[in-house]
Amino acid sequence: MPKVALTTLGCKVNQFETETMEGLFKKSGYEIVPFEEKADFYVINTCSVTSLGDRKSRQIIRRAQRTNENAIIAVCGCYSQVHPEEIKAIEGVRVVLGTKERSKIVEYVERAAREDGILDEVGNIMDSHEFEDIPIYDMPQRTRAFLKIEDGCQNFCSYCIIPYARGPVKSRHLDKIHSEAKKLVAAGFKEIVLTGIHLGAYGRDLPGDIDLADACREVLKVEGLKRLRLSSLESIEVSPALFQLIRDDERFCAHLHLPLQAGSDSVLKDMNRHYDTAEFGRLIARIENEIPGVAVSTDIIVGFPGETEEQFADSLKFVEQMNFSRMHVFPYSKRNGTPAAARKDQVPEQVKKERAHRMQELASRKTEEFHKSFLGQTMRVLFETNNDGITDGLTDNYIRVYTDSPVESGEIYEVTLEKLYKDGVWGTVK
């Protein structure tokens with residue numbers, strides 16, 4: 001039985017796509033082995049959202065080649081879509097795919113094993129208009145199931161390479177979403193997380209005025225589902241219908257990840273973001289007012305080209321006013337081919353590093369304040385992993401809870417939150 005090892009860099013969408021490819025290999029009779037082990041085939045699903053993602057992708061490709069210099073190495077994902085020539089120049093690479101044609105991954109690696117040279121299947125992603133629907137052939141080894149329902153992005157934020165790596169919006173049909181969700185629930189998953197590159201754009205390419213709320217309703221129709229969660233969503237795409245679903249259906253997790261990116265209106269305009277801080281703040285206030293216990297997490301970029309100390313201070317001030325449960329802070333990463341990368345007013349690396357440190361300190365304090373506000377309450381926790389007798393899991397509003405109470409992974413328990421612990425809260429099962 002041939003051995004294949006797969007690994008993923010980047011976002012939840014990449015993770016989902018790697019799991020579907022793993023299922024294809026299993027269906028074809030391959031043995032899946034850990035990436036650190038010697039394998040006949042290696043598949044690396046790359047990320048290109050930052051320059052660090054590019055560098056890590058190259059490092060992992062070289063690591064695979066050192067582990068078995070005779071292996072067939074296949075590289076796919078955003079980095080290979082945007083810079084296929086850089087991938088092909090790395091020793092050992094035999095198959096290069098972009099962000100489509102993953103459904104043929106087994107066929108491509110087997111063809112590479114028979115033929116000489118590099119098999120380059122990277123096409124023009126802007127010509128891709130159909131969702132690549134790969135059915136789930138094997139269940140993921142996690143307690144929460146990610147379900148990809150959308151690909152592509154047409155926002156063209158001035159700093160972002162992803163629209164060039166993923167192409168236009170492509171939505172999965174509602175019947176396919178329902179059938180895949182049904183499989184996941186039948187396999188024992190209590191929570192499904194809907195993912196996409198531009199999730200809020202779901203349905204724009206489909207006939208019949210379909211949107212994300214319709215996709216959510218399809219999943220919520222599945223009997224036995226305990227939780228539905230959304231991955232990252234643009235604030236301006238929280239439609240009235242979606243808001244009502246989140247507010248009124250108790251299975252909908254009280255957690256929204258809404259990327260702010262900057263707390264300065266002038267920086268938001270330069271980023272080509274389609275809202276201002278006042279609009280964002282009004283939405284957050286409404287969400288907090290109408291959804292008890294809701295968690296709103298966010299992303300922040302610091303050191304965007306031209307960002308002055310005054311503009312950064314505006315960002316700090318605005319974030320201070322928000323009750324974010326969690327913040328992911330990123331120093332601006334220059335991505336060649338984007339408008340922001342061509343600007344001459346790049347912020348020095350040391351300044352970006354210092355601003356990231358200051359914003360992260362604020363982020364840590366905000367998370368601690370959010371966690372403290374729930375101490376003493378009893379909440380439902382879906383437990384996931386066990387390490388040395390301590391099991392951790394998530395509340396529906398995305399608080400990481402740890403306990404040494406006897407629990408089973410993949411099951412939901414009522415837990416009393418007692419004290420701050422690590423990156424979350426310590427609790428005792430009732």
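Let's start with an opening: the second largest pocket has a volume of about 350 Å³. Of the 15 residues lining this pocket, Gln 15, Thr 18, Glu 19, Glu 22 and Gln 141 are the closest to its centre. What we're looking at is a predicted model, in which local features need pLDDT of at least 70 and side-chain atom pairs count only at pLDDT 80 or more, while totals for chains, interfaces and linings use all residues. Residues are numbered from 1 along each chain as its sequence is written, and side-chain values use heavy atoms, with hydrogens and water left out.

A word on how such spaces are found. Rolling a probe the size of a water molecule over the atoms shows where empty space is left. Here the search runs on a 1 Å grid over the protein atoms alone: a cavity is a set of points where a 1.4 Å probe fits but cannot get out, a pocket is an open set with protein on both sides within 12 Å along at least five of seven lines, and lining residues have an atom within 4 Å of a point. Grid points are joined across faces, edges and corners, and a volume is the space filled by probe spheres set on the points.

Back to the pocket. Strand 1 (3–8) and helix 1 (12–27) each supply at least two residues of its lining, and helix 1 gives the most, with four. (Helices, H or I of at least four residues, and strands, E of at least two, are DSSP runs numbered from the N terminus.) By type, the pocket lining divides into six nonpolar, five polar and four charged residues; Ala, Val, Leu, Ile, Met, Phe, Trp, Tyr, Cys and Pro count as nonpolar, Asp, Glu, Lys and Arg as charged, and the others, Gly among them, as polar.

Helix 1 turns up again once we go inside. The structure holds three cavities of 30 Å³ or more. About 80 Å³ of space lies in the largest cavity, and helix 1 provides the largest share of that lining, four residues. Phe 16, Glu 19, Thr 20 and Gly 23 are among the lining residues, along with Pro 135, Ile 136, Tyr 137, Asp 138, Pro 140, Phe 146 and Leu 184. This lining divides into seven nonpolar, two polar and two charged residues.

The second largest cavity has a volume of about 70 Å³. Its lining is made up of Phe 16, Glu 17, Thr 20, Arg 102, Phe 131, Glu 132, Ile 134 and Lys 148. Helix 1 again gives the largest share, here three residues.

Two packed helices are described by the angle between their axes and the distance between the axes. For helix 1 and helix 5 (residues 105–114), that comes to an angle of about 60°, with the axes 9 Å apart; axes are lines fitted to C-alpha atoms, for helices over the stretch in contact, and angles run from 0 to 180 degrees between N-to-C directions. Met 21, Leu 24 and Phe 25 in helix 1 meet Ile 105, Val 106 and Val 109 in helix 5 (contact means heavy atoms within 4.5 Å). The residues of this contact divide into six nonpolar, no polar and no charged.

At the N-terminal end, Asp 211 caps helix 8: a side-chain oxygen lies 3.2 Å from the backbone nitrogen of Ala 213.

Take Cys 216, in helix 8: Cys 216 counts as buried because its relative accessibility is 0%. Leaving aside neighbours within four places in sequence, Cys 216 is in contact with Leu 194, Leu 228, Leu 230, Leu 242, Leu 245 and Phe 252.

Leu 194 also meets Ser 231, whose side chain reaches the backbone oxygen of Leu 194 at 3.0 Å. Ser 231 sits in the loop between strand 10 and helix 9 and is buried, with a relative accessible area of 17%.

Conventions:
Polar contact = N/O pair within 3.5 Å; in protein donor to acceptor, adjacent residues only side chain to side chain. Buried < 20%, exposed > 50% of the residue type's maximum accessible area, 1.4 Å probe, protein only.
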